[in-house]
Amino acid sequence: MTARPAADIAILSDQMTIDTTLKATLALTSRFENIEVAEHALLDLCRRAGWPSDEDYWLVTALREAVANAVRHGNRQDPKRLVRLEYTVHDSTVTICVEDEGSGFDPDAVPNPTDPENLLRPNGRGIFYMRQFMSKVEFRSTPSGGTAVLMERKLDTIDGDPG
Amino acid sequence: MKCNIRDLGDVRIIELGGKITIGSGDVKIRELVNQALEDGKKEILFDLGDVKAIDSSGIGEMVACYTTVTKRGGHLKLMHLSPKINDILQVTQLITVFDVFDDEREALGSF
């Protein structure tokens, strides 16, 4: 994913392979309004893959947090920096990768928002949301020093799934 | 995000709808609470019955509003939580912070 779009949004690819894997990649400018675009693209892919719509809520909730973090904390709302997304739906698993062009961060340094001393903090719940609503969440550094968040949700396998 | 304001006695009821999310609804609820305080209304009831989604920024702003109102000697309470909003308050443990009601009359009587 190296091409830069001329417009705000570029759908870089959108394809179905013969093993019924659906995949889409997008590049978005760092604007909160584009979270809606990311959401619609994911839901469209899920519908085409036959994912049940009652799974949407928590999947979308986690996606929105990841993109919001990339826009706000990673790219610092710099319109010259892109947020790159890759969605894959295969059998009962949805995988989402969100990459920013920031300078990286330590996810372990984010305090637990459910600790009593943190309950009234107005921020710091985004990563908690992601970990709560997805089966797997990993943070990696990109070659350019940014952050890639890799999230996976499998049907009916999430412990304590509130959905 | 949609909103409607009703005053019943000392209580300002702020009915919210749609999405309370980053960059839009989160800022709006801050403005609504600041307006209530400017109007001398320190007893505030959020009606979340029509809220479809709330992200961590929206939750964070609700917490900030709670702190602001409490520091001014008032109360911020919640009413008509959907099952999913209730789930979010449960997992974030904010259900232990906010007073939550299903019935408006009961909520009004609690202030």
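1. Let me start with a question: which residues in α2(A) meet which residues in α3(A)? Please keep in mind throughout that this is a predicted model. On the α2(A) side you will find A:W58, A:T61, A:A62, A:E65, A:A66, A:A68 and A:N69. Their counterparts in α3(A) are A:G126, A:Y129, A:M130 and A:F133. Sorted by class, this contact of α2(A) with α3(A) has seven nonpolar, three polar and one charged residues.

2. The geometry of that helix pair is worth a look. Helix α2 of chain A covers residues 56-74 and helix α3 of chain A covers residues 126-133, and their axes lie 9 Å apart at an angle of about 150 degrees. The two helices are therefore roughly antiparallel, since the angle is over 145 degrees. The crossing of α2(A) with α3(A) is left-handed.

3. Now for the wider fold. Chain A has three helices and six strands, and from the N terminus their order is β-β-α-α-β-β-α-β-β. Of the contacts in chain A between residues at least 6 apart in sequence, 58% join residues at least 24 apart. As for burial, 36% of the 163 residues of chain A count as buried.

4. What does the largest nonpolar core look like, and which of its residues touch the most other members? This core holds 39 residues, and those with the most contacts to other members are A:A38, A:A62, A:L63, A:A66, A:V67 and A:M130. At least two residues each come from β2 (22-29), α1 (34-49), α2, β3 (82-90), β4 (93-99), α3 and β6 (147-154) of chain A. Helix α2(A) gives the largest share, ten residues. A:A62 and A:A66 of α2(A) and A:M130 of α3(A) also take part in the helix contact described in point 1. In soluble globular proteins, nonpolar side chains tend to be buried together.

5. Leaving out residues up to four places away in sequence, A:V67 touches A:I35, A:A38, A:V83 and A:V98. There is also another core, apart from the largest one, with 29 residues that include B:I14, B:V33, B:I44 and B:L45.

6. Turning to the interface, how many residues of chain A are in contact with chain B? There are 17 on the chain A side, in contact with 20 residues of chain B. The elements of chain A that give two or more residues to this side are α2 and α3, with the largest share, five residues, coming from α2(A). By class, the chain A side divides into nine nonpolar, five polar and three charged residues.

7. Two backbone details deserve a check. Most residues other than glycine have a negative phi. A:Q77, however, has a positive phi of about 55 degrees although it is not a glycine. You will find A:Q77 in the loop between α2 and β3 of chain A, and A:Q77 counts as partly exposed because 14 C-beta neighbours lie inside 10 Å.

8. The other is A:D91, again not a glycine, with a positive phi of about 50 degrees. A:D91 sits in the loop between β3 and β4 of chain A. Is A:D91 buried or exposed? With 11 other C-beta atoms within 10 Å, A:D91 is exposed.

Methods: Residues are numbered from 1 along each chain as its sequence is written. Chains are lettered from A and ligands numbered from 1 in the order in which they are written. This is a predicted model: local features need pLDDT of at least 70, side-chain atom pairs count only at pLDDT 80 or more; totals for chains, interfaces and linings use all residues. Axes are lines fitted to C-alpha atoms, for helices over the stretch in contact, and angles run from 0 to 180 degrees between N-to-C directions. Helices (H or I, at least four residues) and strands (E, at least two) are DSSP runs, numbered from the N terminus. Angles under 35 degrees count as roughly parallel, over 145 as roughly antiparallel, 65 to 115 as roughly perpendicular and the rest as oblique. A crossing is left-handed if the near helix is turned anticlockwise from the far one by less than a right angle, and right-handed if clockwise. Two residues are in contact if their C-beta atoms, placed from the backbone, lie within 7 Å. Ala, Val, Leu, Ile, Met, Phe, Trp, Tyr, Cys and Pro count as nonpolar, Asp, Glu, Lys and Arg as charged, and the others, Gly among them, as polar. A nonpolar core is a set of buried Ala, Val, Leu, Ile, Met, Phe, Trp, Tyr and Cys residues joined through C-beta atoms within 7 Å. A residue is buried if 20 or more other C-beta atoms lie within 10 Å of its own, exposed if 12 or fewer, and partly exposed in between; C-beta atoms are placed from the backbone.
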